[in-house]
Each structure stands twice: as C-alpha cells, then as structure tokens.
Amino acid sequence: MNIMADTAPVKTARYDIGERGSFRIADLLRQWEFLLGLLLVAVFCINCLLLPHFLDFYNLADSTFNFSEKALIALPMALLIICREIDISVSAVIALSSVAMGVANHYGVPAVGLFVVGIGTGTLCGLLNGLLVTRFALPSIVVTIGSMSLFRGLASVVLGDQAFTNYPELLSDWGQGYFFDVLPRPFAVLIVAALAFAALLHCTAWGRRIYAIGNNPVAARFSGIAVDRYRLMLFVLTGAMAGLAGCLLTGRIGSTRPNIALGWELEIITVVILGGVSIAGGAGTIGGVLLAVLTLGMVTYGLALANIPGIIMTIVVGALLLTTIAVPRLLRGKATR
Amino acid sequence: MSLNQNSGPAPGPGPGRPPLFSRLSGLASRPREPLLAVLIAALILLVGLRAPAFLTMRSMDNLLTDSALPVMLALTQMLVIVTRGIDLSVASNLALSGMMSALLAMHFPQLPIGLVIACALCIGLALGLINGWLIGYLSLPPIVVTLGSMSVYRGLVFVLSGGAWVSSRNMPADFIAFPLGRLMGLTHLVWLAALAIVVLWFVARHTRFGRDLYAIGNDPVAAGYVGIASPQRLFWTYGLSGAMAGLCGYLWVARYAVAYTEIAYGFELTVIAACVIGGISIAGGVGNISGAVLGALFLAVINNALPMVQISPFWQSALTGLVILSAVIINARGEKKRNKQILPLHFHTELRATAAPVTRTPA
C-alpha cells in the first residue's frame, strides 16, 4: 500500500486510459463496416453497369422483399452471437408460429389477433430455448439443434401434408404491401427494428453489458452482470423477432406449407458473420449486419435480373464467407497463440 | 496401457469399490453408453410388443441397413466434435461426392465399382481437407468455415448436374447393386459400417493420432505446450470426416438409386444430434465411439419404429427433438454445478463448521 502511494502519488485510477488517437486512413481501412460499405457500393455500381434494368426504383424497392424477413432475425441473432450464444432453431420457430397463425385463423381469430398469436408463439419458443440454456447451463448450439427438430416437428404434426391458406387481408397488407405506394412494409419494419437494435446495442448500458458478457462471461458475472438473465432475454427476443418474421412471411406468401423457411437458420447466421460479428463473441455492430444484408440482397437481385439460378447464390455467399474470414487471416500471417 | 484407459465421459472411480457417496453423485456423470444401450433394447422390445413384425429378422435387417449411413457419419463427426470443432459440411460433401460418383458411373459405365468408390472417397477427402486446411493451419473457427463450405459444396452439386437428376436408369447395374448386396446374410452397408466402427475405435483409442484429438479438445493451449501438432491433427481430422462423407455419398446415391441437388439436405444436424445423444460433449474432449454408434442407432430405431406402431411419421422430427433435449439435459446434470457455481459453497460450510469458534477473534 505504502510503496504504491510513494511511486505513484498523483494517480487515483489503476489504469491509464490513453487519449483517442488521431484519425488515420489506415484505421478506416481496417474497419470491417467500411470495407463492407465499399463492397456494397462496388456491387451496386457493377450491377448498374451490367444490368440495364437494375436502377429502376420500383424494382429496387421490390427486391427488399427477399431479405427483409431474414434480416429481421439477423438483428437479434447478432446480439446472441456477440453474447457467445447461437440459435439454430429460428427457422423452425418461423414454421411453428406460422402454423399457430394458421390454426388460429382456422378458428376465426381476427386478423390483429393473428399477429399476437404469431409473435406470442415465437416468444414462447425463445423462452423455452432460453430457459434450457440458462437453467441447465447447456451449450446453446445443442439445445437449439434439439429444439429446431422439436418445433419443426410440432409444426409438421399439426400441418400434416396440408397447407393453411385463406389468410385475412391485413396479413398480406403487411407482408406484401407498401407505405405511400413506394416503401415496402417489411422493409420499413426492418429499418425501424434495425434502428431500435442499434440504439439498444450501441447506446445503452444494456448493450455494453452484452459485449462484456461476450468478451468474458465469467468476468462479466464477477462484475455483477446478471449474465443468465441477459441470455434469457436475448433468446426470448430472438424468438419474438422470429415470430414477427413468421407473420410477415406468412402474409407475403399467403400460405403455411411444411417447408416454410427451410434452411434459413444457416443463411441468417452466415449474414451475421459476414457483417463482421465475431463467432467467438464480444465484437460486431448492427451497422455491419445491415450492410451485409443489403450487399447480399443487391447481389441476389442482380443475379436474379441476370437470370442466374438462385442456388448459384449459395456458392457466392459461401465463398464470400470463406474469403472474408480467410483473407485477413492470411494477410496477418501466423496467429499469436 | 492402463493409464490412458479413461476415454469415457467421466474417469471411472479408482481401483477397488467406490464409496457410496461418490457412487451416488457419480450416477449422473458416469458413462452413459450402457444406459443408452439398455434404452435402445427396451425401445425395440416395447415396439415389438405393440407390433411383433418389428422383431422379425427382416425388419432388424432393415433397421441395421438404415442405420449404417448415420452411424458412419456420426463416427467421424464424433472425432471432429472431440477436438472442439463441428463439421456442418458433411451433408453437402456427401451430396457433392455422391453426385460426382454418379456422374462418373454414368459417363464411364465400364469402370470397376471399386474404382468408383475410391474416387468418391478421394473427392470427399479433398473436400474435407479444404476445411481442415482452413481450420487447422489458418486457425479459423470451425463452425464458420464449415458453414461456408456447406453452401459452396451444395451449390457445386447444382452446377455439376445442371439441376438435373441422375436416376437409376442412368446408373450401371453394379453401381446400384453394391450397397444392398449381401455378404454372409448382411448387406454391404452394414459390413462397411462395422468396418468403420472397428477402424475408428482403434484410431480413437489406441493410436497417437486419436489420443491427440482428445488432448486438443480438452485444452488446445496445453496440447500445444506438450508438443502436439494441432494444425496437422485438425487437418487430417476434417479430412477423415470428409472422406467418410465421400464414401457415404456414393453409398447414399447407390442405395436410393437417385442423385439430385437436395439429397441429404439438413442431414448434418441429424448426425450432430446422434453424437449429442451419444454423450459426446460439444465443448470437446469427451466422447467415445460407442456413444456415437449408439446415438445414431437410437435415432434410427425411432425412425424405423414409428411407422410400425402406426404413429404418424410427422411425429418423427418432434420426437427426435425431444430425445435430443432430454439427452443433453441428462448429460449436463453432472456438470451443472461446476459451470454455474462461482464460489464453492460446500467449502464454506465446511470452513464455518470447523472454524466457527475461531472467527470471533479480531482479524
């Protein structure tokens, strides 16, 4: 104690926090979001040059229908992955909430009630995931692989080989309608949700704590963060957003079929990782995720205009994912272990 | 030899009879393989009571043949999971090598069947080694790498086939006949699975390569310090997983006599589920061959039994989910305390009991 005071009498804080460094171009280039932004601009320009009908405003607006629902789930998924968790069951949650809406519709629940049913089902699914992960201290990837099977199974038990159709007008208004005749409603919902999530993650103590948990859950627990409560909340949030996406998707395609949203979970996770969220937790931004969503959306739309089958897109996405993680690693050279 | 016998989920109690306490507390953490085997037997018998047809030789033969592919894939997936990794690309790898071997057999019908199988194996190996290189030598996260290669491989199937199906009339007869051909009463599929079990059991249990995988999974840093070449080990582990997927690709395509883009879609998660049911910890370092085999068998029994007892096949996925969740909950009970308890409570109570009178003295 005395020795400490003698050597450093003025300092009261235990650590020095350096001044923020001056702005440098090199720092900007190291920013993932900046590179993604460049990529988005590049994709946009290439598409404009090569495809004559690309720069049609209505076409561009309509192309957002393809990714809005996935992007809605990518937002809470980013939070989960930052928090070192993952949710494989999201697409099954979409299926289950869509089926729940179909059943409710069958029994004459009014249109507004369907939204409540859909989002409520999603929330309950998320709650189950969250409880299993936090109460039993299970790895989330295993739990959600199991619950994926369970949710999709329940959906197919109810659905059988049938399909629910005849959804009310209001649902398709939200799934495929526009605000002011130009702005697709799912995209508007996505923008609002992205702003809310960005504010939550980047401007509140709540968000900072998610980063803290992702960087080191044990240290976060020691510094008084109710880690399990945050995890539970994130799973519930993911479930609710998946429910919401289920509502929009059901409205857009106007029916519930057994293969609804099949395989979306891995696409969503790919987008989140492309957006610069570290799979090891503790790093990533909502802006990056949104940029990745838009970039992939533009690529898909361009490929569709060029009449290239959609499955080629999976190669593009996979290759993009592999190169984006491998190239920085190759440039940096040997890892410090 | 006797030193490195503890490859099960929990090291068994020391020599001699374990005290009652440790036996009770160890109930949740002792090896689950016997329990799982009993469960499978009980399940088979229960289904047999409802539907005696399930217990006939013919149905058992079907069950074994059906479970061969998931068992084989679960074996190598288990090795991957033991190293703290995961291989999501197996199903896509299977589809790609299956499609390539089907195309090969279609264009060169006179090729001997052994060569086609070897080609499928090598294609799978090459695809797996790409994963292995990225994960081992570049130390990239396995889940991300295999997620990416999963998409790429699946897309390549479409590119290669042009979206067309290769159906049974395009394939040579011996290409289709091999998997279901019989040797001493059992199908070739079952024999191959048995061979894979024996070989990989030996690899995991008695070779330096296999023991190194457990070391890497238990503590990668410590494994590096004791001089295990982790990158090289991981490289070949994913290569092995790929080679198995390649072999299964040929078997799958030949058995169902059709190859198209979506074969085995989503099967990677079934394989991982089999491993989880078999008590292989996703956190790495824990698990053995018998667990993987029994986990895959368990799923196969459920799938084959449902139609027998006239439960709608739509229940299959839901039941699988329930089984996975209950298996992980049971598996986790032994580890729960350790993960969640920050301060050892029993230590405090002991301390208070012995040191209670002394604590009054000023510190």
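The largest nonpolar core of this predicted model holds 202 residues, of which Ala74(A), Ala78(A), Val272(A), Val289(A) and Val276(B) touch the most other members. Such a core is a set of buried Ala, Val, Leu, Ile, Met, Phe, Trp, Tyr and Cys residues joined through C-beta atoms within 7 Å, where buried stands for 20 or more other C-beta atoms within 10 Å of a residue's own, exposed for 12 or fewer, and partly exposed for values in between, with C-beta atoms placed from the backbone. Helix α11 (residues 230-256) of chain B gives the largest share of this core, 14 residues.

As the model is predicted, local features need pLDDT of at least 70 and side-chain atom pairs count only at pLDDT 80 or more, whereas totals for chains, interfaces and linings use all residues. Residues are numbered from 1 along each chain as its sequence is written, and chains are lettered from A and ligands numbered from 1 in the order in which they are written.

**Around Val289(A)**
- Leaving aside neighbours within four places in sequence, Val289(A) is in contact (C-beta atoms, placed from the backbone, within 7 Å) with Ala74(A), Leu75(A), Ala78(A), Val271(A), Val272(A), Gly275(A) and Val277(A).

**Contact between the chains**
- Chain A contributes 43 residues and chain B 47 residues to the contact.
- On the side of chain B that touches chain A, at least two residues each come from α6 (142-161), α12 (267-277), α14 (315-332) and α15 (336-340) of chain B.
- That side of chain B comprises 29 nonpolar, 15 polar and 3 charged residues, with Ala, Val, Leu, Ile, Met, Phe, Trp, Tyr, Cys and Pro taken as nonpolar, Asp, Glu, Lys and Arg as charged, and the others, Gly among them, as polar.

**Chain B**
- Chain B has 16 helices and 4 strands, which are DSSP runs numbered from the N terminus (helices H or I, at least four residues; strands E, at least two).
- Of the 363 residues in chain B, 46% are buried.
- In helix α9 (residues 208-218) of chain B, the buried residues are Gly210(B), Asp212(B), Leu213(B), Tyr214(B), Ala215(B), Ile216(B) and Gly217(B), and their cover includes α3 (57-82), α8 (188-206), α10 (220-225) and α11 of chain B.

**A helix pair in chain A**
- Thr270(A), Ile273(A) and Leu274(A) in α14(A) meet Val317(A), Leu320(A), Leu321(A) and Thr324(A) in α16(A).
- This contact of α14(A) with α16(A) has 5 nonpolar, 2 polar and no charged residues.

**Gln31(A)**
- Gln31(A), in the loop between α2 (25-30) and α3 (32-50) of chain A, is partly exposed because 13 other C-beta atoms lie within 10 Å.

Note on methods:
Contact = placed C-beta atoms within 7 Å.
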